[in-house]
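Please look through the sequence and the structure below before reading on. The briefing that follows moves from one local detail to the wider picture.

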Amino acid sequence: MSATVAAAATGTRGVNGVALAVVLVLFVAVTVMGFLAARWRSAGPMGSLDEWGLGGRSFGSFVTWFLLGGDLYTAYTFVAVPAAMFATGAVAGFFAVPYTIIVYPIIFVFMARLWSVSHTHGFVTPADFVKGRYGSRGLSLAVAVTGILATMPYIALQLVGIQAVLEVMGIGGSANALARDLPLLVAFAILAAYTYSSGLRAPALIAFVKDTLIYIVIIVAVIYLPAKVGGFGAIFDAAQQKMAKPNPTTGAPTGVFIPNAAQTWPYATLALGSAMALFMYPHSITAVLSSKDRNVIRRNASVLPAYSFVLGLLALLGFVAIAAGTKPIGLDGQPNAQLVVPQLFEDFFPSWFAGVAFAAIAIGALVPAAIMSIAAANLFTRNIYRDFLKPNATHAEEAKVSKLVSLVVKVGALLFVFLLDKQNAINFQLLGGIWILQTFPAIVFGLYTRWFHRWALLAGWAVGMVYGTVTAYNVVNPLTGKRLGGSVAPIELLGRNGYIALTAFVLNVVVAALVTLALRALKVPEGEDETRPEDYRADAGDPRVHDIPELTESA
Amino acid sequence: MTDPAGRRTGSPPPGLVAVVAVVLAVPVVALMWVSSYNKEEPRLGGVPFFYWYQFLWVFLAAACTTVAYRLLIGHERRRRALRDADGHRGPGGREDGR
């Protein structure tokens with residue numbers, strides 16, 4: 001592999017050999033671990049979907065903490081957020097801090113109920129729950145399709161993160177498209193290979209390595225870098241100056257140092273919308289369902305904010321780079337904000353430590369990408385393949401389809417990388433958020449009430465999806481003139497700007513409520529609810545709580 | 001929740017639920033209320049108020065979820081202890097695991 005990589009390295013900056021060697025060693029170590037992980041704590045062969053996709057559902061507090069951390073510590077955290085801070089400041093980037101703080105109180109409320117009802121009925125995906133609760137395959141299909149669609153740009157963001165590291169190391173060339181993208185494709189292939197062979201256990205085990213590497217890098221970076229560039233006072237002064245300076249193209253200020261009165265709405269809605277959306281993603285729900293009792297998630301909710309703190313420090317690295325005068329220039333010779341954190345490390349650290357940092361970023365993008373693609377694949381297999389395509393598929397067939405689809409999802413993510421503006425990678429995640437948040441009413445409201453009619457929820461979902469997609473498509477980036485240029489747009493009737501996901505969500509709920517009233521009046525059948533009120537409180541040790549027999553037995 | 005089976009499986013009393021809800025709502029409301037903290041002064045070690053205030057909320061929010069967790073768990077433990085002392089068993093002789 002290194003020969004191919006070296007051959008592709010025809011960039012003008014030259015390859016950082018030491019950093020590359022360190023990255024390769026750590027990468028290979030992790031890959032080997034991934035393959036070995038197939039045998040770790042294994043209760044049965046990987047042939048069954050539950051075993052491959054949910055790690056046999058036996059993870060305790062400790063492992064779950066790392067798995068959930070994997071949802072937050074991604075390329076989003078250490079590439080996209082600092083890049084956004086570097087480019088346009090607080091509203092574009094720092095909202096991630098309140099987002100990752102308020103996500104825990106929110107999931108504290110409803111996740112335990114989802115755990116209980118899932119474990120009493122053998123639900124593995126959010127669409128399973130929706131089908132059982134509303135007796136509606138149509139609504140279940142909508143939830144499944146949305147989950148798969150929304151996961152793709154999120155995985156795309158991870159691929160952009162890996163690409164940023166490789167580009168700063170000088171891998172890849174500017175000669176042609178293949179030379180530029182070859183390293184990305186290599187990383188993609190490794191991810192696909194170990195995910196394919198070992199399922200969820202590989203990323204769970206690697207999460208330990210990943211988080212350890214990240215902590216080392218962050219502690220060093222946060223202690224060393226600010227002192228090096230003149231302390232936090234100087235850092236914030238430099239950032240303030242840059243953000244106030246008018247942009248030569250638009251004449252407006254470059255960015256936001258501290259949100260003014262008009263910007264408080266975008267800031268708050270981006271945080272709230274992202275927080276509500278995070279645990280609608282199939283991979284987040286997979287992680288929660290893998291825990292071994294209903295309170296693991298609540299216990300973790302009190303320690304997970306440690307992640308938010310570190311995320312905040314990482315965000316500030318964007319400002320550190322401003323003070324340090326970092327120049328993130330891509331292989332094509334154009335400035336690219338996404339490269340700012342790897343470039344900062346390359347400029348200030350000795351090669352070997354830059355290598356450790358690069359490995360942390362690359363592996364940190366790889367693990368979540370694996371978890372996300374597995375969860376999306378589960379969703380397809382259970383809720384589309386089994387429900388619509390081949391109802392009497394064997395367990396072995398299902399596991400096989402799941403593995404194939406996890407590859408397809410990654411290819412879909414690759415398409416997003418090529419289609420969207422890579423300069424603004426944080427927008428990938430926000431775009432996914434617009435879609436996934438439209439499943440919130442069916443899932444979370446459904447955990448508490450059957451008041452909403454199944455077809456009304458479907459109607460609300462459709463309206464939210466269409467409104468969100470069209471509105472996002474119409475946002476034009478003033479600098480590049482490209483569409484899908486941002487995720488904040490005017491809120492109808494309010495005369496303020498807000499995160500499109502949340503506006504679409506409100507519209508979704510209003511439509512769902514109105515249509516429910518109409519369908520009630522027309523006495524349209526409500527569908528059968530197979531859950532009972534006490535199912536939402538059941539805990540491990542309760543006789544009603546069980547693993548799914550047809551999935552856990554050896555296939 | 002009003003049905004007897006629901007109560008027997010350990011639904012927390014409405015008062016406790018309300019307290020927990022308020023405790024959990026505090027960080028959400030505080031952080032959504034951006035106009036209460038979009039200020040530069042006072043700086044702390046060079047860090048503007050806007051930034052250090054949100055870092056502070058990482059810890060305050062963790063405290064809130066911890067309190068909420070303790071309240072709920074404490075209630076479940078007391079209920080279980082009470083049930084064990086009474087020799088109460090759920091239907092079919094099973095004991096509730098909550």
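**A briefing on the predicted model**

Leu493(A) counts as exposed, because 7 C-beta neighbours lie inside 10 Å of it. This residue sits in the loop between strand 1 and strand 2 of chain A, and its phi is positive, at about 75°, although it is not a glycine. The model is a predicted one, and it scores ipTM 0.86 and pTM 0.87.

- Most residues other than glycine have a negative phi, and most peptide bonds are trans.
- Leu484(A), in the loop between helix 22 and strand 1 of chain A, has a positive phi near 50° and is likewise not a glycine.
- Leu484(A) counts as buried because it has 20 C-beta neighbours inside 10 Å, whereas Leu493(A), with 7, counts as exposed.
- In chain B, Glu41(B) and Pro42(B) are joined by a cis peptide bond with omega of about 0°, and Pro42(B) is placed in the loop between helix 2 and helix 3 (49–86) of chain B.

**Chain A as a whole**

- The secondary structure of chain A consists of 24 helices and two strands, and 61% of its 555 residues are buried.
- When contacts in chain A between residues at least 6 apart in sequence are considered, 83% of them join residues at least 24 apart.

**Helix packing in chain A**

- Helix 5 (residues 75–88) of chain A and helix 18 (residues 351–389) of chain A have axes that come within 8 Å and cross at roughly 115°.
- To this contact helix 5 of chain A brings Ala75(A), Phe78(A) and Val79(A), while helix 18 of chain A brings Ile361(A), Gly364(A) and Ala365(A); by class, these residues are five nonpolar, one polar and no charged.
- Ala80(A) also belongs to helix 5 of chain A, and it is buried because 29 other C-beta atoms lie within 10 Å.
- Apart from neighbours within four places in sequence, Ala80(A) is in contact with Ala75(A), Leu157(A), Ala425(A), Ile426(A) and Gln429(A), and its C-alpha atom is 7.6 Å from that of Gly161(A), a residue 81 places away along the chain.
- Helix 21 (residues 440–448) of chain A has as its buried residues Phe440(A), Pro441(A), Ala442(A), Ile443(A), Val444(A) and Gly446(A), and these pack against several helices of chain A, including helix 7, helix 9 (137–168) and helix 23 (500–521).
- Gly172(A), in the loop between helix 9 and helix 10 (177–198) of chain A, is buried because 24 other C-beta atoms lie within 10 Å, and it is 46 Å from Gly122(A), C-alpha to C-alpha, with 50 residues separating the two in sequence.

**Where the two chains meet**

- The contact between the chains takes 36 residues from chain A and 34 residues from chain B.
- Among the elements that give two or more residues to the side of chain A that touches chain B are helix 12 (231–244), helix 13 (264–278) and helix 16 (305–324) of chain A, while helix 7 of chain A gives the most, with eight residues.
- By class, this side of chain A has 23 nonpolar, seven polar and six charged residues.

**Confidence in the model**

- Chain A has a mean pLDDT of 83, and 86% of its residues reach 70 or more; over residues 1–12 of chain A the pLDDT is below 50, and this stretch has 24 contacts in the model beyond near neighbours in sequence.
- Chain B has a mean pLDDT of 80, and 77% of its residues reach 70 or more.
- Within chain B, helix 1 (residues 4–8) of chain B has the lowest confidence, at a mean of 41, and helix 2 (residues 14–32) of chain B has the highest, at 94.
- The pLDDT also stays under 50 over residues 1–9 of chain B, and it is below 50 over residues 89–98 of chain B.

Notes:
Residues are numbered from 1 along each chain as its sequence is written. Chains are lettered from A and ligands numbered from 1 in the order in which they are written. This is a predicted model: local features need pLDDT of at least 70, side-chain atom pairs count only at pLDDT 80 or more; totals for chains, interfaces and linings use all residues. Axes are lines fitted to C-alpha atoms, for helices over the stretch in contact, and angles run from 0 to 180 degrees between N-to-C directions. Helices (H or I, at least four residues) and strands (E, at least two) are DSSP runs, numbered from the N terminus. Two residues are in contact if their C-beta atoms, placed from the backbone, lie within 7 Å. Ala, Val, Leu, Ile, Met, Phe, Trp, Tyr, Cys and Pro count as nonpolar, Asp, Glu, Lys and Arg as charged, and the others, Gly among them, as polar. A residue is buried if 20 or more other C-beta atoms lie within 10 Å of its own, exposed if 12 or fewer, and partly exposed in between; C-beta atoms are placed from the backbone. pLDDT is the predictor's confidence in each residue, from 0 to 100.
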